[in-house]
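Trainee: I would like a close look at one part of this model. Please take me through a single residue and then its surroundings.

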Amino acid sequence: MSALKIAFETPENPANASPCGKPPIDFVHLSGQTMGDKSLEIEVLQLFARQARQAMAEINDADADACGQSAHRLKGAALAVGATRVARAAAAIEQRPADWTLRAPLGAAVLEAELFILKLCR
């Protein structure tokens with residue numbers, strides 16, 4: 001029953017925030033980037049979710065050099081929409097692309113952001 005409750009909560013609900021208590025997207029930053037246009041915010045977030053998913057596939061399949069480049073692109077996209085946890089995790093991989101232990105935290109941050117975006121769009 002609790003799984004159903006979680007699936008139908010609105011994104012504004014604090015229960016949807018991460019353990020640190022903040023949502024995965026900084027809406028103040030995003031609003032500044034989109035000049036407050038809510039439909040543009042949704043479009044940008046959906047684009048980011050697709051880019052993040054693609055970047056994760058590239059990161060997991062790449063050698064160290066290509067992995068660092070994909071992480072760099074993901075970091076930039078995340079910073080543009082205010083997905084700071086994704087950006088921090090991508091930055092860590094960008095700095096140490098051969099460290100496979102950094103991929104799990106990035107995957108978790110991307111999944112958290114993607115699920116949050118999906119909730120916003122329903």
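Mentor: Here is a walk from one residue out to the whole chain. Keep in mind that the model is predicted.

Start with E41. This residue sits in helix α3. Is E41 buried or exposed? Its relative accessibility is 6%. Buried means under 20%, so E41 counts as buried.

Now look at what surrounds E41. Set aside neighbours within four places in sequence. E41 then contacts L30, S31, T34 and G36. Take L30 from that list. L30 and E41 are eleven residues apart along the chain, and their C-alpha atoms are 6.9 Å apart. T34 deserves a look too. The side chains of E41 and T34 make a polar contact at 3.3 Å.

Beyond four places in sequence, L106 touches M56, I59, L74, V86, A89, A90 and I93.

Finally, step back to the chain. It has six helices and zero strands. Of its 122 residues, 37% count as buried. Consider contacts between residues at least 6 apart in sequence: 64% of them join residues at least 24 apart. The chain exposes about 7,200 Å², and carbon and sulfur atoms supply 62% of that area.

Methods:
Residues are numbered from 1 along each chain as its sequence is written. This is a predicted model: local features need pLDDT of at least 70, side-chain atom pairs count only at pLDDT 80 or more; totals for chains, interfaces and linings use all residues. Side-chain values use heavy atoms; hydrogens and water are left out. Contact means heavy atoms within 4.5 Å. Helices (H or I, at least four residues) and strands (E, at least two) are DSSP runs, numbered from the N terminus. Buried means under 20% relative accessible area, exposed over 50%, partly exposed in between (1.4 Å probe, protein chains only). A polar contact is a pair of N or O atoms within 3.5 Å; within protein, one must be able to donate a hydrogen and the other to accept it, and residues adjacent in sequence count only if both atoms are side-chain atoms. Accessible areas come from the Shrake-Rupley method with a 1.4 Å probe; for residues, only the protein chains shown count as cover.
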